[in-house]
2 protein chains.
Amino acid sequence: MKKQLRRSNCPINFGLEAFGDTWSLLIIRDIVYFGKKTYGDFLRSDERIATNILANRLAQLERHGILVKTPHPIDRRKEVYTLTEKGIDLIPILVEMANWGAKYDPDTGAPQEWIALVNSDKENMIRLIQDTVREGGSVFVGPNSVIDRLAQRE
Amino acid sequence: MKKQLRRSNCPINFGLEAFGDTWSLLIIRDIVYFGKKTYGDFLRSDERIATNILANRLAQLERHGILVKTPHPIDRRKEVYTLTEKGIDLIPILVEMANWGAKYDPDTGAPQEWIALVNSDKENMIRLIQDTVREGGSVFVGPNSVIDRLAQRE
């Protein structure tokens with residue numbers, strides 16, 4: 001990768017140059033919370049991202065080493081996007097953003113029980129989410145979701 | 001304020017619609033870490049924000065209730081921007097972003113001692129930063145900075 005001109009060496013600016021737009025973190029959210037994996041999955045989210053923006057953001061996240069693209073194991077016409085360790089390390093940021101949105105949006109769709117649960121033991125819950133995503137699961141969707149794991153513990 | 005059309009009721013999307021661009025969080029960073037307060041202060045940061053973008057982002061952050069603008073106590077030609085409680089609640093997000101940038105940017109300007117210090121007792125350090133900002137101080141700059149407070153404790 002050609003070295004690009006950077007605005008500064010501030011660590012917050014470093015993040016903004018990689019994912020600081022209104023769409024990139026929604027793709028990461030789709031993977032972490034809803035187990036989405038393909039271009040078509042991301043296209044079908046509530047926010048209705050445009051195809052050209054989606055393609056652009058996926059390429060940018062790949063270039064920054066946040067996502068990796070691999071062939072779909074069954075359908076060879078498709079590709080599967082997964083988070084690298086660098087991407088999995090964005091999860092604490094997502095969790096704090098979800099907290100903030102849930103607190104200040106009177107019309108939030110965030111399940112309050114989930115927000116309360118995460119905050120009751122934040123460090124460990126973040127670790128559980130990260131482990132789940134590392135193993136191919138997600139928070140809410142799929143057979144090996146965080147929600148399922150927590151239910152099995154009870 | 002007229003109700004705008006929203007993309008979804010996702011709490012992460014809520015944040016992105018308020019501050020999801022490459023500049024807004026740099027303004028919040030300038031206030032929290034460096035005690036900046038005026039239009040001229042923000043204009044002089046390393047990233048060299050353009051005047052029209054700065055004016056646009058300040059207005060947007062005010063509209064979202066993250067910043068408030070008041071007359072400068074001495075120089076009446078200036079205005080002072082401060083964080084509301086809603087803005088102070090963005091500090092955990094900034095801290096997590098700084099962690100991520102410091103970890104993954106080989107050329108980071110983040111002081112590693114500071115990053116280690118924050119992570120050694122994250123919840124309390126975030127609370128200390130928030131209290132300091134609430135009282136008009138900042139992390140690194142000014143007579144009542146977080147750095148000074150910590151030094152006085154020793």
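Predicted model: local features only at pLDDT ≥ 70, side-chain atom pairs only at ≥ 80, totals over all residues.
Me: How far apart in space are B:T51 and B:N119, C-alpha to C-alpha?

Reply: Along the sequence, B:T51 and B:N119 are 68 residues apart. In space, the distance from C-alpha to C-alpha is 35 Å.

Me: What confidence does the predictor assign to chain A, expressed as a mean pLDDT?

Reply: The model as a whole scores ipTM 0.95 and pTM 0.96. Within chain A, 97% of the residues reach a pLDDT of 70 or more. The mean pLDDT of chain A is 95.

Me: In what order do the helices and strands of chain A run from the N terminus on?

Reply: Chain A contains 9 helices and 2 strands. Read from the N terminus on, these elements follow the order α-α-α-α-β-β-α-α-α-α-α.

Me: What radius of gyration does chain A have, and does the value agree or disagree with that of a compact globule?

Reply: The C-alpha trace of chain A spans about 50 × 40 × 30 Å along its principal axes. For 154 residues, a compact globule would have a radius of gyration near 15 Å.

Me: What rotation superposes chain A on chain B, and which residue of chain A has the C-alpha nearest the axis?

Reply: Chain A is superposed on chain B with an RMSD of 0.0 Å by a rotation of 180°, with 0.0 Å of shift along the axis. The two copies are therefore related as by a two-fold rotation axis. In chain A, the C-alpha nearest that axis lies 2.1 Å from it and belongs to A:D21.

Me: Which helix gives the most residues to the side of chain A that touches chain B?

Reply: The contact takes 38 residues from chain A and 38 residues from chain B. On the side of chain A, α1 (11-19), α2 (24-34) and α6 (91-104) each supply at least two residues. With 11 residues, the helix that gives the most is α6(A).

Me: How do the residues on that side of chain A divide into nonpolar, polar and charged?

Reply: The division concerns the residues of chain A that touch chain B. They comprise 17 nonpolar, 9 polar and 12 charged.

Me: Which residues touch the most other members of the largest nonpolar core, and with which residues of chain A is B:I12 in contact?

Reply: The largest nonpolar core holds 70 residues, and those touching the most other members are A:I12, A:V32, A:L94, B:I12, B:V32 and B:L94. Leaving aside its neighbours within four places in sequence, B:I12 has contacts in chain A. They are A:L25, A:L26, A:R29, A:L94, A:M97, A:A98 and A:G101.

Me: How many of the residues of α2(A) are buried, and which residue just after this helix takes a positive phi?

Reply: In chain A, 34% of the 154 residues count as buried. In α2(A), 10 of the 11 residues are buried, including A:L25, A:I28 and A:V32. Just after α2(A), a positive phi of about 65° is taken by A:G35.

Me: Is A:V118 buried or exposed, and which residues does it touch beyond four places in sequence?

Reply: A:V118 lies in helix α7, which covers residues 112-120 of chain A. A residue is buried if 20 or more other C-beta atoms lie within 10 Å of its own. Because A:V118 has 21 such atoms within 10 Å, the residue is buried. Not counting residues up to four places away in sequence, A:V118 touches A:V95 and A:M125.

Me: Where in chain A does A:R48 lie, and what is the value of its phi?

Reply: A:R48 is found in the loop between α3 (39-43) and α4 (51-63) of chain A. With 9 other C-beta atoms within 10 Å, A:R48 is exposed. Although A:R48 is a residue other than glycine, its phi is positive, near 55°.

Notes
Residues numbered from 1 in each chain as written. Chains lettered and ligands numbered in written order. Core = buried A, V, L, I, M, F, W, Y, C linked by C-beta atoms within 7 Å. Buried ≥ 20, exposed ≤ 12 C-beta atoms within 10 Å, placed from the backbone. Contact = placed C-beta atoms within 7 Å. Least-squares fit on C-alpha atoms with pLDDT ≥ 70 in both. Helix = DSSP H or I, 4+ residues; strand = E, 2+ residues; numbered from the N terminus. Nonpolar A, V, L, I, M, F, W, Y, C, P; charged D, E, K, R; others polar. Rg over C-alpha atoms; globule rule 2.2 N^0.38 Å. pLDDT = per-residue confidence, 0-100.
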